Amino acid sequence: MVKAVVGANWGDEGKGKITDMLARQADIIVRFQGGANAGHTIVNDYGKFALHTLPSGVFYGHTTSIIGNGVALNIPLLFQEIKSITDRNVPKPRILVSDRAQLVMPYHILFDQYEEERLGGKSFGSTKSGIAPFYSDKYAKIGFQVSELFDDELLEEKAERVCEQKNVILEHLYHKPLIDPGELLKTLREYREMVEPYVCDVSLYLDQAIRENKTILLEGQLGTLKDTDHGIYPMVTSSSTLAAYGAIGAGIPPYEIRQIITVCKAYSSAVGAGAFVSEIFGEEADELRRRGGDGGEFGATTGRPRRMGWFDCVASRYGCRLQGTTDVAFTVLDVLGYLDEIPVCTGYEINGEVTTDFPVTHRLEKAKPVLTVLPGWKREIRGIRKYGELPENCRRYVEFIEEQIGFPITMVSNGPGREDIIYRESTLKR
Ligand code: GDP
């Protein structure tokens, strides 16, 4: 049984917590896209952790954690991350790295920085982890695949070829120091030594696991609105954030993904540039940011304050639809308990007309939020384990949003811990 855990919005919806929670009953957890540019925050028996590359199942002894071929693999960061958890008494996780994953090279990170510098005020708000240059090279067919590290002749030829091309741009566009092919080869050989014990033919391994009826979780990074094709292009990430891509980025048949759990946060937050229709500002935003998540809405990788907004039904319905949602996990609901009234964005006004369909970017930029105000519940709801025990206004909030987005909310998360979850029967008919 393969399940995907993915985001409906701009990322930071709480996928890490849901994956960590579901991993208790899973055998294998696979990261299938993205790199170390975003993070998942997880609170469990070992403490609080920010993961960037490792799948959120690494905290259990019984799971195997896989870096799929779709991932942008930064080898030194992967090993730093493993060390950072084992230093804090987490048993050494069982990790497999796809022989078809490609490598984030030091020059990808530099190119990311140089390009942001060059663009100045017009930058995309990149985390400068090398992700866009990495995926550009992958599709330009000048990336390094893990398997290639084991072919010396190929490496030498390719290192020369890559340097030749990169150095033209470094010299003439960025006016920065050039890359030396010898140095590049040395780095690649270091990476080979580090990764060798973990390399695996992942699609073959997963094929066997599926036949043995193992439970496999595909863990997405970011959310629908950051998807290269279906997101707010060009303010998107450079890989697909959709569950469908899980099949490609892990190497399994698409029809094996039986459950798609789309994580939706009870309010909105976003990082980086781009249209954000339900955004709020000033003291109202500061308070939600301070109270949000677990210890405030600040980037797990960058520490950047996140942009804040009310729940956006238009974006979330679209986000859930593109994921192919079977279940919505509605998270961080406990945070809203301080509000007397809770605005929810239920439509976009564009050029004087109201729509509930999520538009393409140039129209999205003109959209103004149409808000519906719901009554707050003014109570702490952490610790509650049964849906019926939530305050009435809180249930009304959940049910209103479920109706608006049109996908069944079967899990409500009311705290950062593994046990802070309420399962719910949905009566929604699609
Ligand atoms: P991800 O990238 O989707 O995994 O999300 P992040 O880890 O960046 O952000 C989610 C934040 O919210 C983390 O700090 C979690 O510990 C926290 N969190 C997750 N679920 C809940 C919840 O139900 N309530 C509260 N208060 N915090 C939560």
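Start by selecting Lys-158 and Glu-148: both are buried (under 20% relative accessible area with a 1.4 Å probe, protein chains only; exposed is over 50%, partly exposed in between). Their side chains meet in a salt bridge, 2.8 Å from N to O (a salt bridge is a side-chain nitrogen of Lys or Arg within 4 Å of a carboxyl oxygen of Asp or Glu). Lys-158 sits in helix α5, while Glu-148 is in the loop between α4 (131–139) and α5, ten residues apart (helices are DSSP runs of H or I, at least four residues, and strands are E runs of at least two, numbered from the N terminus).

A quick note before moving on: this is a predicted model, where local features need pLDDT of at least 70 and side-chain atom pairs count only at pLDDT 80 or more, while totals for chains, interfaces and linings use all residues. Residues are numbered from 1 along each chain as its sequence is written, and side-chain values use heavy atoms, leaving out hydrogens and water.

Next, pick Arg-382 and Asp-334, another salt-bridged pair, at 3.0 Å from N to O. Arg-382 counts as partly exposed because its relative accessibility is 38%, whereas Asp-334, at 10%, is buried.

Now try Arg-290 and Glu-283: their side chains form a salt bridge of 3.6 Å, N to O, and both residues are exposed. The structure holds 27 salt bridges.

Finish inside, with Val-97 and Leu-103. They have the most contacts within the largest nonpolar core, a set of 40 residues (buried Ala, Val, Leu, Ile, Met, Phe, Trp, Tyr and Cys joined through side-chain atoms within 4.5 Å). Colour α5 too: this helix gives the most to the core, six residues.
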